[in-house]
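Here is a quick tour for anyone meeting this model for the first time. Have a look at the chain below, and then we'll walk through it together.

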Amino acid sequence: MRLARKLALVVIALALAGSLVACGGQTDEANAAIDRANAQIEKYNQRDGEISDLMQELLALGDSPEDAKKGVDVSAQVIEKIGEQKEAMKAAQAEYVKIGTLEVSDEIKTYAQMQLGIAEKQLESDTVAESIAADSKELFPLVQSNRKDRVRSIAKLNESIDKNLDRLNALQQETQTLQQEADKYFQENLGG
C-alpha cells in the first residue's frame with residue numbers, strides 16, 4: 001500500500017498581534033470577538049498537530065493484516081480530528097461575522113472579512129483532507145482482500161488520493177497568499 005505523498009495540513013494562524021486600533025464605537029467588542037476567534041484557532045492548530053502525528057503513523061504502516069486494521073482505525077481517527085478542526089474554524093468564523101455587524105471602522109470590517117475568506121479556504125482544505133483520509137481508510141482493507149478488482153480499486157483510490165493531495169497543496173498555497181495579504185493589510189491599516 002502507498003500513500004502517494006505525505007499529507008501535511010498546514011494551518012495559517014489567524015491571530016492578531018495586539019489590539020485593534022480604536023476606531024469606532026464597538027472596538028472593545030471587536031477585540032473580544034478576535035480573542036474568541038483566536039481561542040478557536042488555537043483549538044484548530046492543536047487538532048492539526050494531532051492529525052499530523054496520526055498521518056505519520058499511517059505512513060509508517062506496511063501491508064500486514066495488523067497494519068491494515070490499524071490503518072482503518074487511524075484513518076477514522078484522522079477523520080474525527082478533522083471534524084473537530086472544522087467545528088473550531090466555524091466557531092472562529094462566527095466571531096469574524098460578528099465583527100461585520102459592529103460599529104467599527106471600515107478597516108476593521110475589511111480585515112475581518114479577509115479573515116473570513118481565509119477561514120473558508122481552510123475549511124475547503126479540511127474537506128479535501130477528509131476525502132484523503134476516507135480513501136486511505138478504504139485502501140487499507142483492499143490491500144488484504146482477495147477481490148478480483150483489487151488492483152484496479154487500489155489504483156483508483158491512489159489516483160483519488162494523488163488528485164486530492166494536489167488540490168490540498170494548491171488550497172494551502174492559496175490560504176498562505178490570502179494570509180500574507182491580510183497581514184499586510186493589518187500592518188498598513190490597523191497595526192499602528
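First, some ground rules. This is a predicted model, in which local features need pLDDT of at least 70 and side-chain atom pairs count only at pLDDT 80 or more, while totals for chains, interfaces and linings use all residues. Residues are numbered from 1 along each chain as its sequence is written, and side-chain values use heavy atoms, with hydrogens and water left out.

**The overall layout**

The chain has four helices and zero strands, and reading along the sequence gives the pattern α-α-α-α. Here helices (H or I, at least four residues) and strands (E, at least two) are DSSP runs, numbered from the N terminus. Of the 192 residues, 42% count as buried, meaning under 20% relative accessible area, with exposed being over 50% and partly exposed in between (1.4 Å probe, protein chains only). Among contacts in the chain with a separation of 6 or more, 81% are between residues 24 or more positions apart; a contact means heavy atoms within 4.5 Å.

**How the helices pair up**

Helix α3 (residues 106-144) pairs with helix α2 (residues 65-101) and also with α1. Axes are lines fitted to C-alpha atoms, for helices over the stretch in contact, and angles run from 0 to 180 degrees between N-to-C directions.

| Pair | Axes come within | Crossing angle |
|---|---|---|
| α2 and α3 | 9 Å | roughly 165° |
| α1 and α3 | 13 Å | roughly 20° |

So α2 and α3 are roughly antiparallel to each other, and α1 and α3 are roughly parallel. As for the cut-offs, angles under 35 degrees count as roughly parallel, over 145 as roughly antiparallel, 65 to 115 as roughly perpendicular and the rest as oblique.

The contact of α2 with α3 has 21 nonpolar, eleven polar and eight charged residues. In these classes, Ala, Val, Leu, Ile, Met, Phe, Trp, Tyr, Cys and Pro count as nonpolar, Asp, Glu, Lys and Arg as charged, and the others, Gly among them, as polar.

Over at α1 and α3, roughly parallel as they are, the contact involves Thr 27, Ala 30, Tyr 44 and Leu 58 from α1, together with Ile 108, Gln 122, Asp 126 and Phe 140 from α3. That makes five nonpolar, two polar and one charged.

Leaving aside residues up to four places away in sequence, Asp 126 touches Tyr 44, Ile 82, Gln 85 and Lys 86. Met 89 is 37 residues from Asp 126 in sequence, and their C-alpha atoms are 9.9 Å apart in space.

With the sequence neighbours up to four places away set aside, Lys 121 touches Leu 171, Glu 174, Thr 175 and Leu 178.

**The nonpolar cores**

The largest nonpolar core has 24 residues, and those touching the most other members are Ala 30, Met 89, Tyr 96, Ile 99, Val 104, Ile 108 and Tyr 111. Such a core is a set of buried Ala, Val, Leu, Ile, Met, Phe, Trp, Tyr and Cys residues joined through side-chain atoms within 4.5 Å.
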